[in-house]
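Reader: Please walk me through this protein. I am new to it.

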Amino acid sequence: MKDTHRKMLSGVFCLLIIVAIFGGIAMKMSVPHMLNTIMNTAHDLLLNTVFYLMGICVLTGALGKLFVEFGVVDLLEKLLKPLMKPLFNLPGMASLGAVMTFLSDNPAIITLSKDKKFASHFKKFQYISLTNFGTAFGMGLIVIIFMISQGFYTEPLIGFVGAFCGCIVSTRMMQHFVVKQYPKFATEYAVVEETPEEHPQEIKGSKSAFLRTLDALLDGGKSGVDVGMAIIPGVLIISTMVMILTFGPNKEGVYTGAAYEGVEFLPYVANQLDGLFRVVFGFTDPHQIAFPITALGAVGAALSLIPNFLSQGWVDSNAIAVFTAIGMCWSGYLSTHTAMLDSLGYRQLTSKAIISHTVGGLVAAFVAHLICLVVL
């Protein structure tokens, strides 16, 4: 009986929120214009943004697979190993996770951590912090290449440095929270490595360099299609909502139901906190706050905002660097951390991971802003 009442209250509460949000938008735009704007915005995003991002995902996926096939990933792992312990308090093996998530997406770190040989190098507090560590590099190559395709070159590299710093903060904060809540995890290993006999080596057939290249490019391209398909809901749902809350009426100041019209709610909020955003992020336009808000749920959706921001003249070099930093570091962690920690078996620590990564993303943005003040 109690469960029934809870569900009813939950349903009423949900309806009240939906009516309040869309009712408020409709009061300003009118219901027909609001509905037309939602449909037209989603349609335009699908045709002009999603397929563009999917193209980038396919190409970067192919490149990433090529790197794996011909040992570039192994080379990067060995080069990065010395940084793992002093910076992230992680074993050198974790560098492989950073490279794999950078070339693909957040869940790659979970796929890797399921390998018992890989996981055996980690103590439990380090193993759990892989969620934060891997997320900070998720879709990194896609974010950087997208920014470069928009005509920015130095700024994405500055953003990468910011994301790197944010990752250090997020990973170490998460480790601190885990050890504080579960002190024994500081000494316990995540898994016990199995004996080599239990893993007979797979005998690989010899292939020519041409066939290996062709297979890697096609397999990587297919994985890019999967990533491109996965970002569609985030772009269409989250970006459409964010754009309605970000943009205003057309140039004549009237609503027509066209794509990218809105009620300018987020810029209004940003104006009230203008001083804070200028100091922390260096934002010069209130519309820019839409990017980090969107990146909380999906970095692909956040990237879809950039072309329109550029056409409106709302972004500068500092904003691109900050967007790259916070986009890489956060990379939609609110929509992935719960599932990632659940797959590791530590769902109860989700709130700690989210808090740590929120701080890490803010640090990433702040560092990128500071570097821009010195370099640009």
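Some questions and answers on this structure follow.

Author: A note before we start: this is a predicted model, in which local features need pLDDT of at least 70, side-chain atom pairs count only at pLDDT 80 or more, and totals for chains, interfaces and linings use all residues. Residues are numbered from 1 along each chain as its sequence is written, and side-chain values use heavy atoms, with hydrogens and water left out.

Reader: How many helices and strands does the protein have?

Author: Helices (H or I, at least four residues) and strands (E, at least two) are DSSP runs, numbered from the N terminus. By that count, the secondary structure comes to 19 helices and 0 strands.

Reader: What is the radius of gyration of the protein?

Author: The radius is taken over C-alpha atoms, and the globule rule is 2.2 Å times the number of residues to the power 0.38. For 376 residues the rule gives 21 Å; the protein comes close to that, so it is as compact as a globular protein of that length, with a radius of gyration of 22 Å.

Reader: What percentage of the residues in the protein is buried?

Author: Buried means under 20% relative accessible area, exposed over 50%, and partly exposed in between (1.4 Å probe, protein chains only). Of the 376 residues, the buried share is 47%.

Reader: Why does helix α4 count as largely enclosed by the rest of the structure?

Author: Helix α4 spans residues 94-103. Its buried residues include Leu96, Val99 and Phe102.

Reader: How many residues of helix α8 are buried?

Author: Helix α8 covers residues 140-149. Among its buried residues are Ile142, Ile144 and Phe146. The rest of the structure largely encloses α8, so the count is telling: 7 of the 10.

Reader: Which residue takes a positive phi just after α8?

Author: The phi is about 100°. The residue is Gly151.

Reader: Is Thr131 buried or exposed?

Author: Thr131 sits in helix α7 (residues 124-135). Contact means heavy atoms within 4.5 Å. Leaving aside neighbours within four places in sequence, Thr131 is in contact with Ile110, His337, Met340, Leu341 and Leu344. Its relative accessible area is 0%, so Thr131 is buried.

Reader: Which residues of helix α12 are buried, and where do they lie around the axis?

Author: Helix α12 runs over residues 265-272, and its buried residues are Leu266, Pro267 and Ala270. They cover an arc of only 100° around the axis (from the directions from the helix axis to the C-beta atoms), which puts them on the same side of α12.

Reader: Which helices do the buried residues of α12 pack against?

Author: On the other side of α12, Tyr268 and Gln272 are exposed. Tyr268 has 51% relative accessibility. The buried residues pack against α11 (232-246), α13 (274-280) and α14 (290-295).

Reader: How much space lies in the largest cavity?

Author: On a 1 Å grid over the protein atoms alone, a cavity is a set of points where a 1.4 Å probe fits but cannot get out; lining residues have an atom within 4 Å of a point. Points are joined across faces, edges and corners, and a volume is the space filled by probe spheres set on them. The whole structure has 1 cavity of 30 Å³ or more. The largest cavity holds about 60 Å³.

Reader: Which residues line the largest cavity?

Author: The lining divides into 5 nonpolar, 2 polar and 2 charged residues. Here Ala, Val, Leu, Ile, Met, Phe, Trp, Tyr, Cys and Pro count as nonpolar, Asp, Glu, Lys and Arg as charged, and the others, Gly among them, as polar. The residues are Ala270, Asp274, Phe277, Phe283, Thr284, Asp285, Pro286, Gln288 and Ile289.

Definitions and conventions: 1 Å grid on protein atoms, 1.4 Å probe; cavity = no way out; pocket = protein on both sides within 12 Å on 5 of 7 lines; lining within 4 Å.
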